[in-house]
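Hi,

Here is the structure I promised to pass on. Have a look at it first, and then read on for what turned up.

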Amino acid sequence: MDFNFKSRGCSNCYFCRMNDFIPHFSELDAKDELAHFQQRFCIPQVQGQDESNQKILYYCGNSLGLQPKETRNYVEQELVDWANLGVEGHLQALRPWVKYHEFLTEDMASIVGAKPEEVVVMNTLSVNLHLMMVSFYRPTPSRRKILIEYSAFPSDRYAVESQIRFHGYDPESDLIILQPENEDEYVNPAYIQQVIEQHGESIALVLIGSVNYYTGQAYPIQKITEWGHAHGCVVGFDLAHGAGNLMLNLHEDGPDFAVWCSYKYLNSGPGSLAGCFVHERHAKAYDLPRFAGWWGHNKERRFKMEAKLDLLPGAEGWQLSNPPILPMACIRASLDLFKEAGMPALRSKSLKLHKYLRDLMNSLDHSDIRLLTPESEEEHGCQVSIQIKNANKEIYHQLSAMHIVADWREPDVIRVAPVPLYNSFEDVHQLYSAFKKVLKIQ
Ligand SMILES: *Cc1c(COP(=O)(O)O)cnc(C)c1O
């Protein structure tokens, strides 16, 4: 074993001495071309007893992304335009409000790998999920089931169950839940295929969340779409944990629809507006049942207040209301950062951060620690779900006391998401050191 750890500038890190194969965080941070983006974010601080401020270690980007410093200016611009222009701002604001959502479309589409006509920013996530199901969950007596993954996000579960009931059916028999085959949390794609093959002819809609919010498992979008379509199912995805996290390719992968929020990895502020994708093949499906509103009407004629609805083609045709400008300004600010950094570079750093955290946690070699998130690169995003067997929430409270913001899920899982835009390798190392401390590992 090589004990030559000092050459790396680390004199007290036990880890450097014992695990030469894991690079030191300072080495990794020095090589990180995205490192400077951290300064573009507001990193929460705690006030110390001596009035000094200490940075909070933030690993909750999977739940609420941090605020880009520029966001304030984008919002301010709209407040100024409103103050100075009143109603004229609809046409005369720097970014005219009547088409503000269009300023988001192209960059949002590029984040999810879609054509601009396939994407619109509107409403919030659960609302978009319902709007999509109004059009794309069309059950018949012989094909009326919905397939979802186990431990789906509760809102998705409530939404699909209420849709099944809305059509006069019973979730008890018409909701199929993809359970892991074994004792663990991993859902094998081969098993997903098997379930779709077995029940496909009775499934109206396959609706999968990728990445799963609890385990961090990313499901194969292209394959699930192919399997579902082969059996005549409609296939949709909830990408709340995927957008701004994974490299997505929605147009090529071909699902019928997808929805996602913008306040997690997309850093657009609490409760901000959501994205919606409708595949090109449905762009002119004007006869699909849908709930309509005036923002889905022909743009040129919208203010003529005509009685007869003339639907817009593409995803925009699902819009209802004139949208709130302030949260859209937050989204515009965030999309500019994503454009500057580029999804491929972000994903590449994310994979390194993730692996670094995994390697460090595995090196603890602690029998109570289990990583629920699959290891292979195609099967995870930023998040690592760490199970601490026999633990109670006390561990989480201890981490919080060390200014670590993570997320506890009963009974014994801590979810952390090192995010490439504002987390460093040093952050990850500090998280690992904190775990070592609370687990009393030397
Ligand atoms: C975060 C999240 C939601 C939250 O829905 P809202 O409508 O934005 O409150 C729903 N589904 C999934 C999968 C999520 O991760």
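Before the numbers, one term: a pocket here is an open set of grid points with protein on both sides within 12 Å along at least five of seven lines, and its volume is the space filled by probe spheres set on those points. One caution as well: this is a predicted model, so please read everything below as computed from it.

**The largest pocket**

By that definition, the largest pocket holds about 270 Å³ of space. It is lined by 15 residues, and Tyr219, Ile221, Met247, Asp253 and Glu378 are the ones closest to its centre. Which helix gives the most to this lining? That is α10 (residues 221-230), with 3 residues. Sorted by class, the lining comes out as 7 nonpolar, 3 polar and 5 charged residues.

**Two domains**

The protein chain splits into domain 1 (14-61 + 343-438) and domain 2 (73-340). Note that domain 1 is written in two stretches, 14-61 and 343-438. Where the domains touch, 29 residues from domain 1 and 24 residues from domain 2 take part in the contact. Their C-alpha centres are 30 Å apart. Back to the largest pocket for a moment: each of the two domains supplies at least three residues to its lining.

**Cavities**

What lines the largest cavity? You will find Gly244, Tyr265, Asn267, Phe338, Leu346, Val419, Pro420 and Leu421 around it. That makes 6 nonpolar and 2 polar residues, with no charged ones. As for the domains, domain 1 and domain 2 each bring at least three residues to the lining of the largest cavity.

**Two buried loop residues**

Ser262 sits in the loop between β11 (257-261) and β12 (274-278). Is Ser262 buried or exposed? Its relative accessibility is 0%, so Ser262 counts as buried, the cut-off being under 20%. A polar atom of the Ser262 side chain lies 2.6 Å from the backbone oxygen of Leu273. Setting aside neighbours within four places in sequence, the contacts of Ser262 are Asn267, Ser268, Ser272, Leu273 and Ile331. Asn267, one of those contacts, is also among the residues that line the largest cavity.

Glu118 is the other one I'd click on. It belongs to the loop between α5 (102-112) and β6 (119-122), and because its relative accessibility is 1%, Glu118 is classed as buried. Which backbone atom lies 2.9 Å from a polar atom of the Glu118 side chain? It is the backbone nitrogen of Glu280. Leaving out residues up to four places away in sequence, Glu118 touches His251, Cys276, Phe277, Val278, His279, Glu280 and Ala315. Thr105 is 13 residues from Glu118 along the chain, and the C-alpha atoms of the two are separated by 9.0 Å.

Two cis peptide bonds are worth a look while you have the model open. One joins Ser210 and Val211, with omega about 15°; Val211 is placed in the loop between β9 (203-209) and α10. Another joins Glu410 and Pro411, with omega about 5°, and Pro411 is in the loop between β16 (407-409) and β17 (413-416).

Then there are a couple of positive phi values. Asp365 has phi near 50°, although it is not a glycine. This residue lies in the loop between α13 (343-363) and β13 (369-371), and Asp365 counts as exposed because its relative accessible area is 70%, where the cut-off is over 50%. Lys440, also not a glycine, has a positive phi of about 55°. Lys440 comes in the segment after α15 (425-438), and with 67% relative accessibility it is exposed too.

That's the lot from me.

Cheers

Notes:
Residues numbered from 1 in each chain as written. Predicted model: local features only at pLDDT ≥ 70, side-chain atom pairs only at ≥ 80, totals over all residues. Heavy atoms only, no water. 1 Å grid on protein atoms, 1.4 Å probe; cavity = no way out; pocket = protein on both sides within 12 Å on 5 of 7 lines; lining within 4 Å. Nonpolar A, V, L, I, M, F, W, Y, C, P; charged D, E, K, R; others polar. Domains from an automatic or database assignment. Helix = DSSP H or I, 4+ residues; strand = E, 2+ residues; numbered from the N terminus. Buried < 20%, exposed > 50% of the residue type's maximum accessible area, 1.4 Å probe, protein only. Polar contact = N/O pair within 3.5 Å; in protein donor to acceptor, adjacent residues only side chain to side chain. Contact = heavy atoms within 4.5 Å.
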